[in-house]
Amino acid sequence: MINPAAQGPSVSAFGSINHVVVVCDEDLWNGPVGDSLRYLFESAYPILPQPESIFDLRQMPYSDIIGLKSRRELRNYIFVADLSKIDSSALNLLNNLIGAEKLRSHVKESKYSNLITTDVWARGQQLMYLIGENQNDLIARIKNSFPGLSKQIRDLDNITIKANTYAAGDAKFINAQLANRFGINMDIPADFKLASDKNTGIWLRKETEIASFNLILSKLKYSSTQQLSKDGLKTIRDSLSRSFVTTASPGDYMVINDKDLPLFIYQKNIDGNYGIEARGVWETKIEFMGGPFQTYMFQSPAKDSIMYIDAFVFAPEQEKRNLMQQLEAIVSTFHFK
């Protein structure tokens, strides 16, 4: 049996973002427990032109974790076990990892699986535990624990996402421009360039071999709560996008496509200031171009203006979840001065 205390985290954890290893017995994975895990953790990421899951699950049996060192050096693990199966190899490993008494007291004291250990076999690693008294209890705990566990995975992955996004450093000159013009603090990566500067706002852009990353920022005069509604956001985004984004076809412009896929609106406050976040897909009216976008609108502390931030990608034939998460990482640095 492996001994985590003796082995120690001598290496750094590796693995792709959004990748989660589910460690459980085959009968659990192939039954209702596995169905529940897949239903929640592989549900659709909101919102992309082609469906992509929130997380990429990979199941491993406990024997692989015990027998193969390389299988113990990934970043995110969820260990799943049924306490009623007393002869299970799963329980032997979990007892070794966290202790039999602690394991059972945790199950008795909480209906949520919030037991987590870090840096067990590798640095920058987390092990999460879904333990139930029986199969029905385990399924209930999966449902109860999904929001907390998914946040735990995202928070750890965000460290890698931000490191990759800002690998080239930050664009100090552009950041200073944003502060002076809009009265905001926002950290733009150094590989973003100023694509367009108009009275209505600015367009920042990063081009790679597989994708075009885009940010449009504008400061709007606040006139009514209608601006911060679904219809208000649609009107504002279509107008600003049309003024900035064009194609090779004369008269072509970008619009929200909420006929083929829905436009989701969420409340999202920043520094105590009211705001909304929209997720949807965009298209151009003439050429066959499109992709996902996230638009944010925040009322200023003085309540006299609205800060508008639009993030979108164009990446034909590419999966787009990870690309949008880079833009999310940038927007997450936004604050009013």
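Trainee: Where does Asp 137 lie?
Mentor: Asp 137 is in helix α7, residues 135–165. Helices here are DSSP runs of H or I, at least four residues, and strands are E runs of at least two, numbered from the N terminus. This is a predicted model: local features need pLDDT of at least 70, side-chain atom pairs pLDDT 80 or more, while totals for chains, interfaces and linings use all residues. Residues count from 1 along each chain as its sequence is written, and side-chain values use heavy atoms, without hydrogens and water.

Trainee: Is Asp 137 buried or exposed?
Mentor: Asp 137 is buried, at 11% relative accessible area. Buried means under 20%, exposed over 50%, partly exposed in between (1.4 Å probe, protein chains only).

Trainee: Which residues does Asp 137 touch?
Mentor: Val 107, Lys 111 and Gly 132, leaving out residues up to four places away in sequence. Contact means heavy atoms within 4.5 Å.

Trainee: Switching to rings. How many aromatic pairs are there?
Mentor: The structure holds 13. One of them is Phe 79 with Tyr 129, stacked, 5.7 Å centre to centre and 25° between planes. Rings of Phe, Tyr and Trp (its six-membered ring) pair with centres within 6.5 Å; planes under 30 degrees apart are stacked, over 60 edge-to-face, the rest tilted.

Trainee: Which strands hold Phe 79 and Tyr 129?
Mentor: Phe 79 is in strand β3 (residues 76–82), Tyr 129 in strand β5 (residues 126–132), 50 residues apart. Phe 79 is buried at 0%. Tyr 129 is also buried at 0%.

Trainee: Which cluster do ring pairs form?
Mentor: They link Tyr 62, Tyr 77, Phe 79, Trp 121 and Tyr 129.
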